[in-house]
Amino acid sequence: MKRHHTAAVAALACTALVLTGCGQGDDTGSSGLEACLTDPAGCNSGARADGGEITWALDGSWGTWNQNTSEGNNAYVSMALVGLWPYTGQFDPEGEFIVNEGVFAAAPELVKEDPVTVEYTLKNGANWGDGTDITVDDFIYHWYATSGDSSLCDGCDAANITRGSQVESITGDGAAITVTYKDSYHSAEWAYEEVLSEPAHVAEAQGFDWQNDPKDMAAAEQYFAETVPTWSTGPFKIQDAKVGEHVIYVPNEDWAGDTEVTLDKVTFRVIDGLENIVTALRNGEIDGASPFSVTAETITQLQGAEGLEYAVAGGPSWEHIDLNTKNEFLSDPVLRQAVFTAIDIENVIARTYAYVQSDIERKGNHLFRNGSEYYRDHLSATGQGTGDVELALSMLQEAGYELKDGVLRDPDGEAVELDFRYSESKENRRITGELVQANLADLGIEVELRSIPDADLGSVLGEGEFDMIDFGWSSDPVFVAAASQYWETGSGSNFGSLSDPELDALIAEVNGTLDLDEAAVRANAAVQQVVQDAYSLPIVDTPVAVMVSDRLVNVRDNWASQQRSAYNIAEWGVAAE
């Protein structure tokens with residue numbers, strides 16, 4: 001099975017499903033981050049010493065331990081749990097999908113197309129870090145948690161029900177687990193579906209009758225959201241942690257993976273502010289970071305610093321401005337279209353991201369990176385993002401709005417007022433807000449800028465506490481499930497509550513074919529409808545930097561993973577003398 005992705009550092013790369021491991025001392029790649037342009041999956045490789053500790057900075061916080069939930073659907077939760085979570089696999093920097101070697105013995109196999117039936121083979125010894133084997137019950141638990149079905153989980157706030165809502169049954173025979181989907185499921189990305197999350201036996205030990213009581217199932221999900229994991233399927237397990245502040249990992253002796261873990265300890269520590277992260281790195285307080293945003297000042301601080309390396313490239317996040325359709329004014333699609341038309345995205349880029357990456361381009365598609373074989377520009381023809389205030393005003397006047405004495409009033413005579421929200425530690429988002437504020441002032445719309453503490457971003461999004469908001473979607477290079485997650489009516493990640501039956505029908509079509517090329521055509525049709533709805537305005541594929549102490553090996557950035565540099569954490573090490 002093949003697919004193509006566009007990497008930030010290379011041309012289109014062919015992707016295959018494989019299962020691999022790297023032993024201690026493997027040194028087949030090129031050294032240093034400077035080699036990542038030509039060898040993205042092998043740069044900075046080298047022999048590892050036995051032992052050592054690493055402290056890695058995170059530039060944002062989190063408020064939950066459960067990635068199944070809408071609040072937990074963010075990159076910082078994913079980073080905090082990277083050492084233990086039972087991912088199906090990871091995309092590497094060349095766009096190749098690497099199956100989780102600690103859980104599965106082989107890549108998933110499509111054994112039947114109608115209905116779609118997929119078989120997973122568990123690795124001998126795959127367990128939850130406490131000697132309890134992973135079983136079919138754990139697959140069923142994840143299904144219930146992400147089903148969106150109140151008869152299975154009454155009260156679950158699932159971030160994404162695209163896959164869970166389509167499962168018909170799950171059966172198991174020893175290491176062989178068979179997932180049978182409903183007739184309506186034909187996702188071209190069936191092999192990348194997440195099928196595990198938390199351990200069913202832990203839920204049962206806490207007294208939750210999750211298989212028979214839907215309310216207990218929801219209570220179990222809440223328990224996992226509030227409780228530091230004592231379990232692990234990964235190369236590490238948590239020794240100590242505090243939500244939103246730090247996670248200290250030590251090796252998981254029960255890990256079933258083949259890669260030898262050499263580190264004694266890995267600490268993820270939240271440090272607010274890029275300047276503070278760079279200062280800590282230069283002072284030797286931390287060993288590295290791969291923040292989800294970067295500024296020109298950050299690069300200046302890194303230049304010439306001794307004992308560390310850094311690299312800048314387009315990352316996995318794409319920056320965008322979303323509108324809340326539940327707002328009394330923004331429920332009108334004409335106002336939404338006018339707002340987006342008045343915003344000058346090229347000016348935003350010139351004042352922010354271009355200082356970091358001089359050749360950066362405006363993002364023209366919500367699902368496909370610029371340069372992808374599937375990329376289509378659906379925005380330019382609409383005028384959205386051009387800063388054309390005259391065009392925006394003509395739209396509004398035709399719809400009955402009136403600009404009088406510098407104030408825009410809706411057809412009912414109400415003055416249009418909005419807020420713009422952004423993460424308080426993200427300087428580029430603050431600047432974006434100021435520029436949007438100025439753009440919309442020309443339309444007669446007063447905009448209040450309201451920052452969000454980093455740890456509260458998930459709850460602000462989940463509760464819809466915004467009119468306009470600037471944040472980043474971070475995802476693997478998949479698009480089939482993303483369309484549903486972002487925009488389908490009722491999705492836990494459809495934070496602005498868009499509800500468009502025509503768009504829902506198009507999203508269903510994206511999920512209705514096993515042919516990847518055809519799915520991409522249908523995905524572009526969905527993107528075109530989102531543009532018409534004026535719901536989400538892309539800005540850029542956010543430029544990011546990885547900064548690493550030169551004493552580390554096998555640490556490199558990864559545009560194709562939410563976990564960024566931590567995607568291969570089992571291989572991290574201190575360079576051998």
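Trainee: Which strand does β14 pair with over 12 bridges, and in what sense?

Mentor: Strand β14 (residues 308-323) pairs with strand β20 (residues 536-549) in the antiparallel sense. This is a predicted model, where local features need pLDDT of at least 70, side-chain atom pairs count only at pLDDT 80 or more, and totals for chains, interfaces and linings use all residues. Residues are numbered from 1 along each chain as its sequence is written, and side-chain values use heavy atoms, with hydrogens and water left out.

Trainee: What counts as a strand, and what as pairing?

Mentor: Strands (E, at least two residues) and helices (H or I, at least four) are DSSP runs, numbered from the N terminus. Two strands pair if DSSP finds at least two bridges between them.

Trainee: Which residue of β20 is the bridge partner of E319?

Mentor: V540. β14 also pairs with strand β19 (residues 468-474), in the antiparallel sense over 7 bridges. There, S317 has S474 as its bridge partner.

Trainee: New topic. What is the strand order in the open sheet with β6?

Mentor: The order is β6-β7-β9-β8, with antiparallel pairing. β6 (109-113) and β8 (167-173) stand at the edges with a single partner strand each, so one side of each has no neighbour in the sheet. The twist averages 20° from one strand to the next.

Trainee: And how many bridges join β7 and β9?

Mentor: Strand β7 (residues 116-121) and strand β9 (residues 176-181) pair over 5 bridges. T117 has T180 in β9 as its bridge partner.

Trainee: Which helix lies across β7, β8 and β9?

Mentor: Helix α2 (residues 136-145), running at about 165° to β8. Axes are lines fitted to C-alpha atoms, for helices over the stretch in contact (heavy atoms within 4.5 Å). Angles run from 0 to 180 degrees between N-to-C directions.

Trainee: Is α2 largely enclosed or left open?

Mentor: Largely enclosed, because 9 of its 10 residues are buried, that is, under 20% relative accessible area with a 1.4 Å probe, protein chains only. Among them are F139, W143 and Y144. The buried residues of α2 pack against β7, β8, β9, α3 (200-205) and α4 (214-226).

Trainee: How do α12 and α13 cross?

Mentor: The axes of helix α12 (residues 480-487) and helix α13 (residues 501-510) come within 9 Å and cross at roughly 155°. The two are therefore roughly antiparallel, a label for angles over 145 degrees.

Trainee: Which residues make the contact?

Mentor: V480, A483, S484 and W487 of α12, with L503, D504, I507 and V510 of α13.

Definitions and conventions
Parallel < 35°, antiparallel > 145°, perpendicular 65-115°, else oblique. Buried < 20%, exposed > 50% of the residue type's maximum accessible area, 1.4 Å probe, protein only.
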